[in-house]
Amino acid sequence: MENIPRKTSIVFLVIVCLTALVGGAALMIDPTGGLMHMGVDRLHASPFPDYLIPGIFLFVVVGFGSLITIIALAGRKSYAPTLVMLCGGVLMAWIAIQVAILGEINSFHAFYFTTGLFLVWLGFRQRKYVTE
């Protein structure tokens, strides 16, 4: 039973990792948001003049954070469940901040916030097996 939460975490983290790396790279390459069909006018209520800083955060923290967690899970490291919960929490915070700044919620926000919540739960489930 221990493998199911671990393998499920890996699947969801691969999705998060790939989309964060691609999305973050697109925002760093074109900080106007043009590659992702998002105008900088959407950032009027944010502290950012363009998408460069959010792109860096998405790429480094969410993307590489997920990748590091996948590697820890694959290596069955004892701290991997904690990293899974941390990734889930960061993802939920990232989405909550986006929704607050943009003043809108869409299906991507709902999917990724729910994924973050699911990752926190999966990490918690895995801690049970590490501490036994």
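**Exercise 1. Find which residues T69 touches beyond its sequence neighbours, and decide whether T69 is buried or exposed.**

Step 1. Leaving out residues up to four places away in sequence, T69 touches L13, A80, L83, V84 and C87; contact means heavy atoms within 4.5 Å. This is a predicted model, in which local features need pLDDT of at least 70, side-chain atom pairs count only at pLDDT 80 or more, and totals for chains, interfaces and linings use all residues. Residues are numbered from 1 along each chain as its sequence is written, and side-chain values use heavy atoms, with hydrogens and water left out.

Step 2. T69 belongs to helix α2 (residues 52-74). Helices (H or I, at least four residues) and strands (E, at least two) are DSSP runs, numbered from the N terminus.

Step 3. The relative accessible area of T69 is 1%, so T69 is buried. The classes are buried (under 20% relative accessible area), exposed (over 50%) and partly exposed (in between), with a 1.4 Å probe and protein chains only.

**Exercise 2. Compare the reach of helix α3 with the expected value, and list its buried residues.**

Step 1. Helix α3 (residues 80-102) has 23 residues and reaches 33 Å from first C-alpha to last, close to the expected 33 Å. The expected span is 1.5 Å times one less than the number of residues.

Step 2. Buried in α3 are A80, P81, V84, M85, C87, G88, L91, M92, W94 and I95. An α-helix has 3.6 residues a turn, so residues three or four places apart point the same way.

Step 3. Just after α3, G103 takes a positive phi of about 70°.

**Exercise 3. Summarise the whole chain: which elements does it have, and what is its radius of gyration?**

Step 1. The chain has four helices and zero strands, in the order α-α-α-α.

Step 2. The C-alpha trace spans about 50 × 25 × 20 Å along its principal axes.

Step 3. Of the 132 residues, 36% are buried.
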